[in-house]
Amino acid sequence: MRLLPISLLYALFATAAFSESIEKRTGDSEVPIAEDVNDGPLPTTFNGVKVPVLPEIDGEKFNGTIKEGYWFVKHHSPYCGHCIAFAPTWQTLYEYYYTSKPVPAGSTADSASTSMNTFTAYYNFHFGSLDCTAFGSACTAHGVGAFPTLILYNDGEELKRFEGSKNMKDLSAFVEDVLETIRPGSRPIGGPHLPKAKDKTSPDYEGPEPAEAATSVEKPKEDKLIPEVSKDAKAPAKTKSPLKATPVKKKKPTKPTKAPSTPNPLGASLSFTAESFQNLVTMSQEPWFIKFYAPWCAHCQAMAPNWVQLAKEMKGRLNIGEVNCDVESRLCKDVRLRGYPTILFFRGGERVEYDGLRGLGDFVTYANKAIEIGDGVKDVDASEFKEMEEKEEVIFVYFYDHATTTEDFAALERLPLSLIGHAKLVKTNSANLAERFKITTWPRLLVSRDGRPTYYTALAPQDMRDFRKVLNWMQSVWLPIVPELTASNSREIMDGKLVVLGILTRERPDEFMIGKKEIKSAALEWMDKQTTAFQRERQERRDAKQLRIEEAEDRNDQRALRAAKSIRINMDKSEQKEVGFAWVDGVFWERWIRTTYGIEVAKDGEKVIINDEDNRRYWDKTDTGNSILASRTSILETLPRVVSSPPKIKPKSTISNFEKFFFDIRGVISGHPILSIGFIAGMVVSAFMWGRKRMRRSRGGYFRLDEKDGLLGGNINGKVD
């Protein structure tokens, strides 16, 4: 311990001596020492401008550092693979904005102030990084739970977090939005010309190349020669350095001949006329999210603020538009709207209708998924598919090989538009995936739901190119094994089947996860049992057919043999009703669940009911009279007794007795239409005959001979004595 001060003293003397030697050799005691001695990051050069080292913020002084101005901070770990991969993009983003012009070209705003001639000073906007491995408490205090996390601070307070793909385009759109709010009108229209990660110049840079800039710093005497070479490609052969001639050939291709087309550059919803709609939407390949509305429509008025905010959220990412159908009635008629508001997503001449909720979060979620399909169907290998399985519940997989035709791929590319918000579609030629899913013919299409494949049956090559047929199959299987019941998918889940519905709540996370797991486990086991029963029944029917054939052959009865061979085994019609599984948020849909099923999840806890929507009835008790719990055992014990015909457990009704009376009548009519028509016709004829008889009696009917004023009675001439 006593040697420590002495060693420090020697270190100080050694450092001083080394500094003196450096000064004597270079004549500069500042920059050369930093470049030669410091082992940390060195300043870089971008667009010919020297850029200081990106600030690495001290976690203990973090709050004091960011207390003034805007700070865009990357919270990271040096051991995180995602952070390492993202580092070049973050560095290039910082260098680009540090060297960018603070005001548009030609603007005189603040031009007189020399203190405002830098980006950082003009916007008071800073970039920084915080090492969460070294300063974990600082990251924890700001709610950082994953790396890297990008947070924008304003005067020491968290303003918002960056959510999206960590690429130059999305990061720049985020920064540009903030800068425009700080200094309105100071950002370039149409967005900036962005460099790629690790680039040292931006596409619109017209100065010398980085190598030339470095040469000009080290050799000031050649400063006048460098601009001459960079401006004139036909420089005289006297130029000594090859660095001066080479950049001329590299610079010309990097200059953009046309400004890049940035979607939704203003962050606003564009109002269409019939002509502009034709030019920008119908005749283009650009994606558009468009609402068709009427100003007097109450639903349209309620949705309007969310649509405006959506346009701001999608700035630089997705085109947002709107059509006033009172003004453009012809256009709306051509689109064939069914009501207001109608929201459609267009891309490449095709469209799909948005049928979800109209909240801002729902719009943004759908729009983000719509943006993802812009690059077409993604080609994946086995490792990428495994990563997708951890995030996605439903994945459609298209297997292809070298013999797959362009017509097949063209038909495939039409499908993603209709799958937005429902499922992912990928393609692969991976041998490992083909072996896993037992693919022996190509092309082949299947859906993987929680790793369980369901195959599309194509009897001929044309079946793989039949867009409508393939899409209809996709729609029948695109729900997860246990989906969440929402307003947009409720009919799809509930109609035509018995549904095991788990009533859960996210407010109790542990019970929520256990409940979902138990319901999914019950669903998978029930599906396995149904598959086994289906295969057994099909085999029994095949065996019965074979027995008939053998019997006819033994008797040499050709007529019976032909009849036996003509028997078709049809497994489409099943005696049991199809069973589905789902769960619903009992707190969010508390009122509907209480009035329909009489369950309050806050008081009663997680429950399960088996719903029969077609007959307006449900079961919430086991055969012992106990409630059906969110457990595999309770569900699988009760379900067979419910699906039997007739059910062995008495159901409850979801409607009142008065409503049930008319519902039963409607059920009889729809179930037996011919008999119902005959009955109604008989009732009408009987009523007509009865009414006709009553009318005749009221009019006196036939004449009677003994009536006072009848045919033989009374005075015919009407004379009275």
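1. Strand 13 (residues 394–399) pairs with strand 15 in the antiparallel sense, and 6 bridges join the two. Within this pairing, Val394 has Arg449 of strand 15 as its bridge partner. Please keep in mind throughout that the model is a predicted one.

2. Strand 15, which spans residues 444–449, is mostly covered, since 5 of its 6 residues are buried. Strand 15 is also joined to strand 16 (residues 452–455) by 4 bridges, and these two strands run antiparallel; here Leu446 stands opposite Tyr455 of strand 16.

3. Which residues of helix 16 (residues 406–413) are buried? They are Asp408, Ala411 and Leu412, and because they cover an arc of only 105 degrees around the axis, they lie on the same side of helix 16. In general, an α-helix has 3.6 residues a turn, so residues three or four places apart point the same way. The cover over the buried residues of helix 16 includes strand 13, strand 14 (424–428) and helix 18 (461–465).

4. A separate point concerns Asn264, which is found in the loop between helix 10 (242–254) and strand 7 (270–271). Asn264 counts as buried because its relative accessible area is 4%, under the 20% cut-off. When neighbours within four places in sequence are left aside, Asn264 is in contact with Ala311, Met314, Lys315, Gly316, Leu318, Asn319 and Ile320.

Note on methods
Residues are numbered from 1 along each chain as its sequence is written. This is a predicted model: local features need pLDDT of at least 70, side-chain atom pairs count only at pLDDT 80 or more; totals for chains, interfaces and linings use all residues. Side-chain values use heavy atoms; hydrogens and water are left out. Buried means under 20% relative accessible area, exposed over 50%, partly exposed in between (1.4 Å probe, protein chains only). Two strands pair if DSSP finds at least two bridges between them. Contact means heavy atoms within 4.5 Å. The arc is that of the directions from the helix axis to the C-beta atoms.
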